[in-house]
Amino acid sequence: MNPRQLALIPTCVALNVVLGRIVAELALPVFLDTVGTVTATALAGPWAGIITGLTSQGLVALTSGQMMWLAFAPIQVLIALVATAAAHRRGFANAPMTVFWGALCGVIGGLTSSVISYFVFRGATTTGITALGALFRYLGFGLPAAVTISSIGSDVLDKSLTFGFTGLVLRALPLRLASRFPVALRATGRE
């Protein structure tokens, strides 16, 4: 990674932390705490995304005093890997393709996070997701099914929004600026 790409990481970490905190305060059934991870990956490649994601997760755990958030660190790596696959396949070139990749990431991430949520936290994580799980429990679903459905449902919505936002930003970059990030040129089909 060059210095420009390294300078991108703190900005994307801040994006993850701030958006994640706003969503948590509003108790929404999404996270939006990986916008920076996906953006860093789509601009500078997988290592930038992984570093951004893991740093964000660690920072949130430390500043909140809730080390439990470290259990979800593998999800940040998974998201960076899916964003890498999307970028290599021009997955940010248009809105439908970007939302498809976001939804795919949501299914993969939701399945993985549901396992963590169930086995580590017995289904209780963030307010919005826990409320969805409680709704499914009320509707007669068992705890594993309720956790899985709420995790996948919220993750598909969350990652579709996350990838969609990143796609908008990447497509809006002037070619001169985008050319400084070769991964972004390929991701948007402008190479």
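**Close-up views of a predicted model**

**View 1. Trp69 and Phe72 are both buried (under 20% relative accessible area, with exposed meaning over 50% and partly exposed in between; 1.4 Å probe, protein chains only).** The model is predicted, so local features need pLDDT of at least 70 and side-chain atom pairs count only at pLDDT 80 or more, while totals for chains, interfaces and linings use all residues. Residues are numbered from 1 along each chain as its sequence is written, and side-chain values use heavy atoms, leaving out hydrogens and water. Look here for a tilted pair: the ring centres of Trp69 and Phe72 are 6.0 Å apart, with the planes at 40°. Rings of Phe, Tyr and Trp (its six-membered ring) pair if their centres lie within 6.5 Å; planes under 30 degrees apart are stacked, over 60 edge-to-face, and the rest tilted. Together with Phe121, Trp69 and Phe72 make up one aromatic cluster. By this rule there are 6 aromatic pairs.

**View 2. Phe100 and Trp101 form an edge-to-face pair.** Their centres lie 5.9 Å apart, with 80° between the planes. Phe100 is partly exposed at 47% relative accessibility, whereas Trp101 is buried at 11%.

**View 3. The largest nonpolar core has 32 residues.** Such a core is a set of buried Ala, Val, Leu, Ile, Met, Phe, Trp, Tyr and Cys residues joined through side-chain atoms within 4.5 Å. Among the residues with the most contacts inside it are Leu8, Phe72 and Phe163. Helices that each supply at least two residues include H1 (3–26), H4 (73–88) and H5 (95–121); H4 gives the most, with 6 residues. Helices here are DSSP runs (H or I, at least four residues), numbered from the N terminus.

**View 4. Ser160 sits in helix H7.** Ser160 is buried, with a relative accessible area of 14%. Leaving aside residues up to four places away in sequence, Ser160 touches Val99, Gly102, Ala103 and Asp155, where contact means heavy atoms within 4.5 Å.

**View 5. Leu135, Tyr138, Leu139, Phe141 and Ile149 form a nonpolar surface patch.** Together they have about 530 Å² of accessible area, from the Shrake-Rupley method with a 1.4 Å probe, where for residues only the protein chains shown count as cover. Patch residues have over 30% relative accessible area and no salt bridge, and nonpolar side chains (Val, Leu, Ile, Met, Phe, Trp, Tyr) are joined within 5 Å. A salt bridge is a side-chain nitrogen of Lys or Arg within 4 Å of a carboxyl oxygen of Asp or Glu. Phe141 lies in the loop between helix H6 (127–138) and helix H7 (143–172), and Phe141 is partly exposed at 34%.

Key
Patches are made of residues with over 30% relative accessible area and no salt bridge: like charges are joined within 9 Å, nonpolar side chains (Val, Leu, Ile, Met, Phe, Trp, Tyr) within 5 Å.
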